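Welcome, and thanks for taking a look at this structure.

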Amino acid sequence: MGELAKLQDAFVAMLHTGSQELIHEIEDQAPLSAMQRLEIYQNAYKIRLRGVLEQDHETLGFYLGDELFDLMLFQYIAHYPSQDRSLRQFGERLPAFLKETAPFSEHGILAEIAEFERILLRAFDSADAARLSWPELQAIDMSQWPNMILVLHPSVHFFVCDYASVESWQALKEKKIPPEADIDGSHYWLIAREVTLRTGFHPLAPLQWRCMQSIAQGMPFSMVCQSVIGEFDDEQAGSMFVIGVLQLGIQQGWFSDVHLLHGQSVSKALT
Amino acid sequence: MSVPYLGFGMGLRTCYFEQILTEQPAVDWFEIISENYFVSGGKPWHYLSQIKEQYPIVMHGVSMSIGSTDALNFDYLKQLKNTIERVNPMWVSDHICFSALGEFNSHDLLPMPYTEEALDHLTQRISQVQDYLERPMIFENVSSYLTYKQSHMTEWEFLTQLHKQTGCQFLLDINNVYVSARNHGFSAMEYLNALPKQSIAQIHLAGHQDCESHIIDTHDQPVCDAVWSLFSQFSKQLPAISTMIERDDNFPPLSALLSELEQAKALTKAHWG
């Protein structure tokens with residue numbers, strides 16, 4: 001290993017583990033000692049990473065309170081150094097860290113709030129795409145509707161909660177007291193970037209969730225209907241329910257395109 | 001490589017997006033942080049696509065880590081190349097430093113030692129990167145807080161040699177020169193005077209935090225009088241060079257940055273026109 005590689009190894013070790021090996025490579029220049037000069041880099045490293053987590057997980061910070069949030073930052077930075085060229089990715093392993101590491105792991109809602117905040121960030125940065133409109137759907141002959149496959153907007157993300165994590169996040173954002181963490185059954189959410197570029201989140205009832213999951217899996221509209229129709233007294237009621245989900249999705253901008261089974265993009269063909 | 005003179009520019013930051021579009025301020029060009037646009041879509045691209053219709057754009061990276069001794073990160077370079085194709089910038093820059101090693105990223109601009117080994121390493125890497133990107137790169141001098149014992153030349157001697165060996169041009173950050181001069185006790189003017197004038201393609205002006213015993217390069221303050229003075233004196237030795245105000249934190253109203261741009265123009269009006 002060359003001198004340059006050794007020097008860089010020592011620098012990284014100093015930042016990551018606090019190793020003192022690098023100090024032997026640094027000139028003492030008054031008024032600062034070599035140690036003080038290294039500490040400038042150590043402090044900058046920690047401040048920068050803390051700043052990213054404070055910004056990306058501000059509401060988790062409110063939930064935890066200053067003392068626990070500081071502990072979380074300290075432990076996460078020590079054990080999960082940044083592995084990506086972009087700081088944007090630094091917090092990606094935070095939900096897993098909170099799930100696995102005491103005392104945070106004793107409160108499942110913490111990992112869920114962190115995961116929700118990660119999803120908000122992903123939706124914010126997702127690719128742009130057109131938004132499907134009713135006129136585009138109405139232009140498709142009704143006989144072809146069973147064969148149509150809806151394409152989700154790239155910013156659409158799904159999130160299932162076993163705790164009142166989204167409700168707590170929302171309450172803290174509004175400076176209100178969060179609800180009890182425990183809930184009966186799971187809560188289902190769809191997160192997507194709205195037309196205004198604001199990231200929105202929408203609660204889904206279990207059957208709405210099932211429809212949207214079928215759409216996300218690329219099922220044709222007939223199978224999306226089939227996935228829920230058994231829950232209704234008659235087929236027409238089931239179909240109307242699915243049409244309702246479709247209307248909601250169009251209104252919210254959750255779909256970017258529609259294809260026909262084995263066919264071309266309908267919206268592109270129309271334009 | 002010769003880059004065109006664009007006039008007086010500014011770092012494009014999210015807090016000014018709306019105002020730039022609605023007010024179309026008298027800024028000649030904008031510099032974006034390359035990595036902020038390594039995303040597929042959303043707000044950054046929404047605004048950039050409109051702003052780049054009205055202003056020339058240059059790209060400035062902070063994560064290439066050109067000086068690292070590990071292998072070049074081609075995932076990063078691929079993202080950079082894709083972004084370059086999408087933005088179509090006037091030129092692309094990064095820093096003479098290392099920031100990542102193996103899987104560890106410091107997200108800082110860590111200084112290189114000023115040695116023959118480092119020169120040869122940078123020469124080889126700059127050539128590889130330019131070949132991959134199929135375009136020349138410009139590299140910025142970083143501010144530093146320490147001196148390596150193994151350095152056996154000054155920073156300006158190192159940059160001069162690097163220019164001779166690679167032909168690459170520099171984004172000269174005059175604030176960084178001032179910060180390093182104060183932190184290491186050398187003359188900022190001696191540094192500037194020694195640089196080959198034809199090597200300078202762009203100038204950054206920025207602010208810092210003065211801690212008395214040392215200075216931290218924070219880009220969160222107005223340009224200080226000493227840096228204005230260096231810029232004013234040094235610009236007399238140069239042909240007109242694209243110059244910009246770089247602000248990265250503690251953002252003031254846009255008008256404050258525009259006033260700084262006016263100051264830069266006023267200081268160079270007599271010799272740059």
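Let's begin with a pair in one helix: B:Lys265 and B:Glu262 are separated by about one helical turn, because they lie three residues apart in helix 9 (residues 254-272) of chain B. A salt bridge joins B:Lys265 to B:Glu262, with the closest N and O atoms 3.3 Å apart. Please keep in mind that this is a predicted model.

**Salt bridges within the chains**

- B:Lys265 is partly exposed, with a relative accessible area of 24%, and B:Glu262 also counts as partly exposed, at 42% relative accessibility.
- Over all chains, the structure holds 18 salt bridges.
- One of them brings together the side chains of A:Asp125 and A:Arg88, at 2.7 Å from N to O. This pair links distant parts of the chain, 37 residues apart: A:Asp125 belongs to helix 6 of chain A, while A:Arg88 sits in the loop between helix 4 (66-79) and helix 5 (94-100) of chain A.
- Is A:Asp125 buried or exposed? A:Asp125 counts as buried, at 11% relative accessibility, whereas A:Arg88 counts as partly exposed at 27%.
- In chain B, the side chains of B:Glu134 and B:Lys81 meet in a salt bridge of 3.0 Å, N to O. Here too distant parts of the chain are linked, 53 residues apart: B:Glu134 is in the loop between helix 4 (116-133) and strand 7 (138-140) of chain B, and B:Lys81 is in helix 3 of chain B.
- With 63% relative accessibility, B:Glu134 counts as exposed, but B:Lys81 is buried, with a relative accessible area of 17%.
- Chain A also has a network of salt bridges, which links A:Asp56, A:Glu92, A:Glu115, A:Arg118 and A:Arg122.

**Where chain A meets chain B**

- How many residues of chain A are in contact with chain B? There are 41 residues of chain A in contact with 48 residues of chain B.
- The two chains, A and B, bury about 3900 Å² between them, and 60% of that is on carbon and sulfur atoms. On the chain A side, A:Leu4, A:Tyr41 and A:Arg85 lose the most area to chain B, together 23% of what that side buries.
- The count of salt bridges between chain A and chain B is one. B:Asp108 and A:Arg48 form a salt bridge, and their closest N and O atoms are 3.8 Å apart.
- Across the interface of chain A and chain B, 24 residue pairs are in polar contact, both residues being at pLDDT 80 or more.
- Helix 1 (3-17), helix 2 (34-56) and helix 6 (108-125) of chain A each supply at least two residues of the side that touches chain B. Helix 1 of chain A gives the most to that side, with ten residues.
- By type, the residues on the side of chain A that touches chain B are 20 nonpolar, nine polar and twelve charged.

**A buried serine, B:Ser68**

- B:Ser68 is found in the loop between strand 3 (57-60) and helix 3 (74-87) of chain B.
- Its relative accessible area is 0%, so B:Ser68 is buried.
- A polar atom of the B:Ser68 side chain lies 2.4 Å from the backbone oxygen of B:Ala100.
- Leaving aside residues up to four places away in sequence, B:Ser68 touches several residues, including A:Gln8 of chain A and B:Cys97, B:His121 and B:Arg125 of chain B.

**Strands of chain B**

- Strand 1 (residues 8-11) and strand 12 (residues 242-245) of chain B run parallel and are joined by three bridges. B:Phe8 stands opposite B:Thr243 of strand 12.
- Strand 1 of chain B also pairs in the parallel sense with strand 2 (residues 29-33) of chain B, over three bridges. There, B:Gly11 has B:Glu31 as its bridge partner.
- Strand 7 and strand 8 of chain B run parallel too, joined by three bridges, and B:Ile138 has B:Gln169 as its bridge partner in strand 8.
- Why is strand 8 (residues 169-173) of chain B largely enclosed by the rest of the structure? Five of its five residues are buried, so the strand is largely enclosed.
- In a regular strand, side chains alternate between the two faces of the sheet. In strand 8 of chain B, B:Gln169, B:Leu171 and B:Asp173 point one way, B:Phe170 and B:Leu172 point the other way, and all are buried.

Methods:
Residues are numbered from 1 along each chain as its sequence is written. Chains are lettered from A and ligands numbered from 1 in the order in which they are written. This is a predicted model: local features need pLDDT of at least 70, side-chain atom pairs count only at pLDDT 80 or more; totals for chains, interfaces and linings use all residues. Side-chain values use heavy atoms; hydrogens and water are left out. Helices (H or I, at least four residues) and strands (E, at least two) are DSSP runs, numbered from the N terminus. Buried means under 20% relative accessible area, exposed over 50%, partly exposed in between (1.4 Å probe, protein chains only). A polar contact is a pair of N or O atoms within 3.5 Å; within protein, one must be able to donate a hydrogen and the other to accept it, and residues adjacent in sequence count only if both atoms are side-chain atoms. Contact means heavy atoms within 4.5 Å. Buried area is the accessible area (1.4 Å probe) that two parts lose on being put together, summed over both. A salt bridge is a side-chain nitrogen of Lys or Arg within 4 Å of a carboxyl oxygen of Asp or Glu. Ala, Val, Leu, Ile, Met, Phe, Trp, Tyr, Cys and Pro count as nonpolar, Asp, Glu, Lys and Arg as charged, and the others, Gly among them, as polar. Two strands pair if DSSP finds at least two bridges between them.
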